[in-house]
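Dear colleague,

Please find below the structure I promised to hand over, with my notes following it. I would be glad if you could read the notes with the coordinates open beside them.

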Amino acid sequence: MILLLLSAVVLLVAGGCACVVWAARGGPPWTRAVARTTLAAGELVRDSGRSGGNRGRSGDADG
């Protein structure tokens, strides 16, 4: 079951990345919408990783 879920996530990510490339090359309007969604999701994931990591490291830097 978990393998199926992870496979679906990988397929969605790969499809989103393909749409980002296709939209950059002037694809149809729906690819631009998918690309915007993919890039926004990537930003959310990146920001959530940064905020969680910075909190844990701030105490270590002080000494």
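Predicted model: local features only at pLDDT ≥ 70, side-chain atom pairs only at ≥ 80, totals over all residues.

Helices here are DSSP runs of H or I with at least four residues, strands are runs of E with at least two, and both are numbered from the N terminus. On that basis Leu39 belongs to helix α2, which covers residues 29-62, and the chain as a whole has two helices and zero strands.

Before the details, a word on provenance. Residues are numbered from 1 along each chain as its sequence is written, and side-chain values use heavy atoms, with hydrogens and water left out.

For burial, I use relative accessible area: under 20% is buried, over 50% is exposed and anything in between is partly exposed, with a 1.4 Å probe and protein chains only. Of the 63 residues in the chain, 10% are buried. The accessible surface, computed by the Shrake-Rupley method with a 1.4 Å probe and with only the protein chains shown counting as cover for residues, comes to about 5200 Å², and carbon and sulfur atoms account for 68% of that surface.

Helix α1 spans residues 2-24 and includes Leu5. Its 23 residues reach 33 Å from the first C-alpha to the last, close to the 33 Å expected at 1.5 Å a residue, where the expected span is 1.5 Å times one less than the number of residues. The buried residues of α1 are Gly16, Cys19 and Ala23, and just after this helix Gly26 takes a positive phi of about 90 degrees. Leu5 is exposed, because its relative accessibility is 57%, and together with Val9 and Val13 Leu5 makes a nonpolar surface patch of about 270 Å². Such patches join residues with over 30% relative accessible area and no salt bridge, within 9 Å for like charges and within 5 Å for nonpolar side chains (Val, Leu, Ile, Met, Phe, Trp, Tyr).

The cysteines deserve a separate remark. There are zero disulfides, a disulfide being a pair of cysteine sulfur atoms within 2.5 Å. The sulfur of Cys17 has its closest cysteine sulfur in Cys19, 9.5 Å away, and therefore too far for a bond. Cys17 is partly exposed at 43%, whereas Cys19 is buried at 8%. The C-alpha atom of Cys17 is 8.7 Å from that of Leu39, although the two residues are 22 apart along the chain; Leu39 itself is exposed at 52%.

Which aromatic rings pair, and how? Rings of Phe, Tyr and Trp (its six-membered ring) pair if their centres lie within 6.5 Å, as stacked with planes under 30 degrees apart, edge-to-face over 60 and tilted for the rest. The count is one aromatic pair: Trp22 and Trp30 have ring centres 5.5 Å apart and planes at 90 degrees, so they are edge-to-face. Trp22 is partly exposed at 42%.

Finally, there is one salt bridge, defined as a side-chain nitrogen of Lys or Arg within 4 Å of a carboxyl oxygen of Asp or Glu. Glu43 and Arg46 form this bridge at 3.3 Å, N to O, and both lie in helix α2, three residues apart, about one turn of the helix. Glu43 is partly exposed at 38%, and Arg46 is partly exposed at 43%.

With kind regards
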